[in-house]
Each structure stands twice: as C-alpha cells, then as structure tokens.
Amino acid sequence: MKELCYMNNLNFNITLKSIHILIFNLILSGCDYYDGRLEVQNTTSHEIAVETFLDSIPTLSELNKTEYYLQNSISPGETERLIEMGSTKGWIFRIEKSKNNRLNLFVFQIDSLKKYGVDSLVSLGIYDKYIFSQQELDSKNWKVVIE
Amino acid sequence: MISTGPFTGSLADGTSYFEGVRVHTTEVGAIGNGAAGTLPGVGIFVNPKDKYNINLLRHEFGHILQAREWGNDFFYGTIVPISLMSADAANNGSWDHHSTWTEWTANLLSWRYFGKPADWDINTYPIYPVQYSNIFVYPPNSINLRD
C-alpha cells in the first residue's frame, strides 16, 4: 500500500513536472506568432471598421462578411490594435507581399456598412484609403490616425 | 436570464475564462513579444492585450476542441510538435502557419462549435488551407473532420 502511494506520488510529480516543462516551453516558444504593432486611432465623429488589402484597389475575395466588420468596429476616440497572424514580423511580410509594397488600409463607416453591406461599399468605392510605406509607418510608430 | 453554457468572462479574483477554459496572461518570453498558445487541461496563454481578443481566443479554443475530439495523447504527441515546427518556420516568413493542418482544423472545429458565425475572421483564421506549398497542409487520415 505504501509502495502504491509512493508510485502514485511519483507519477503525480512526473505529470506535474511535464506540465511545468510544457508551460515553460510554450511561454518561451509560443505556438501562434503574430504582429500586434499596428494601431488604428479613430478621431472621427463616427464609428468605423478597417481592413487591409494586398493592393491599392480592394478585392472582394479578401473581404470578410459584413457582420465581422460590425463586430470589430472602432468607436469615435477609440484606438484598436490590429494583429497580423503568423509571425512577429507579420506586418512587414504583409507589406512585402502586397503589389505596391505598401500597407493598404481601407476605412468603412459603420452606418454605411449597416445600410449597404461591405461588398457594395467596395464595388461602389465608398471608403477612405490610407496607404503607407514601412518607413512611414516606422516614423509614425505604427499608429495610424483616422481623421 | 442565466446562461447554462460554459463561462466566458472574468471573476472577482481576476481570473478569466473563455468557454469555461482558463485564460492565462503573461508578458514573458514569446507571448510577451506577440504569440499565443494553448495547453488542453491547463488553459489558453495570451498577452494581456489579447485577453478579450475574441477572434484569437476562438482560434486558441479550437486547439482545446482538437484535444477533446481526438484525445490529449494525439494533441500533445502529434499536434504540438507539428504546430511548433510550423509556427517557427512561419515566424521566419517561410510559410503560412494557418495553412498547416494543426491550425486550420482548430479554426474549423471552433467555427463549427460557435455555430458557423457570420462574424468569423475568415482571412486571418481560415477554415481550410490557403497556401498549398506548406508541407503540413493535409491532416493524417486517422482524424475525422466530418461535420
């Protein structure tokens, strides 16, 4: 019986040790890297939603559904952090991948999104466009102000 | 109305939960620099800035669902090594991490769990591979992905 308790304790200690090693490794190495340096500040008087595209002209295939933009809106005066998954240099890779080597940020008004949907806004060109080089973003400390 | 579903939110003691799973925050190591990870049985690990990032939490919760669906042994023995390898390669810009089966199947399981929501960020968290040059695109035949 004593032996069994010892074995159970040993197993428990090994399991606990494994969990600690796993947590330690996870914190050190991570599993899902991302780049969270880009911030968008809404200084307008209306609620907005933003999206990035790989070109200065948006394509419908790069869009999420309207509901996504409504759920992820930025209120007046609010600053939202945009994350690019895959790498801690995700935004740099995104800029390099784009056709114009720029960050192409598009701004939609929530009122318009509710009325027409994002596909129509893109097709009709109802949006504001902000295009930045990496150097410009570096100088802004990756904080884009929507005015 | 009292919800009978798993708890999402923060308790008075400061602990946070997503769908009943503990959300741990840390600014140490990779997670402090832009990474997240999940250890089924222990919880989800994110940067404090992402404590309420529902899109990221939904993806991480997908890893919990993988362990529930396919077992902890399969998760820790197969998914974790491939996911870590893929994440490291993606962090260097070699490929798209979310095209690795360990990631897009986490997205797929989570998307189904939440009732295929219209506000799902399909661009960032695809439910199918988007880049086929990745050597880890296809899951092993042993796992069941049928709806």
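In which helix of chain A does Asp111(A) lie? Asp111(A) belongs to helix 4 (residues 110-116) of chain A, helices (H or I, at least four residues) and strands (E, at least two) being DSSP runs numbered from the N terminus.

This is a predicted model, in which local features need pLDDT of at least 70 and side-chain atom pairs count only at pLDDT 80 or more, while totals for chains, interfaces and linings use all residues. Residues are numbered from 1 along each chain as its sequence is written, chains are lettered from A and ligands numbered from 1 in the order in which they are written, and side-chain values use heavy atoms, with hydrogens and water left out.

Asp111(A) is exposed, with a relative accessible area of 55%, where exposed means over 50%, buried under 20% and partly exposed in between (1.4 Å probe, protein chains only).

In chain B, Thr38(B) lies in strand 4 (residues 35-39) and is buried at a relative accessible area of 3%. The side chains of Thr38(B) and Glu60(B) are joined by a polar contact of 2.6 Å.

Most residues other than glycine have a negative phi. Asn101(A), in the loop between helix 3 (90-97) and strand 4 (103-109) of chain A, has a positive phi, and Lys116(B), in the segment after helix 4 (101-113) of chain B, also has a positive phi although it is not a glycine.

| Residue | Phi | Relative accessible area |
|---|---|---|
| Asn101(A) | near 55° | 44%, partly exposed |
| Lys116(B) | about 50° | 41%, partly exposed |

Note on methods
Polar contact = N/O pair within 3.5 Å; in protein donor to acceptor, adjacent residues only side chain to side chain.
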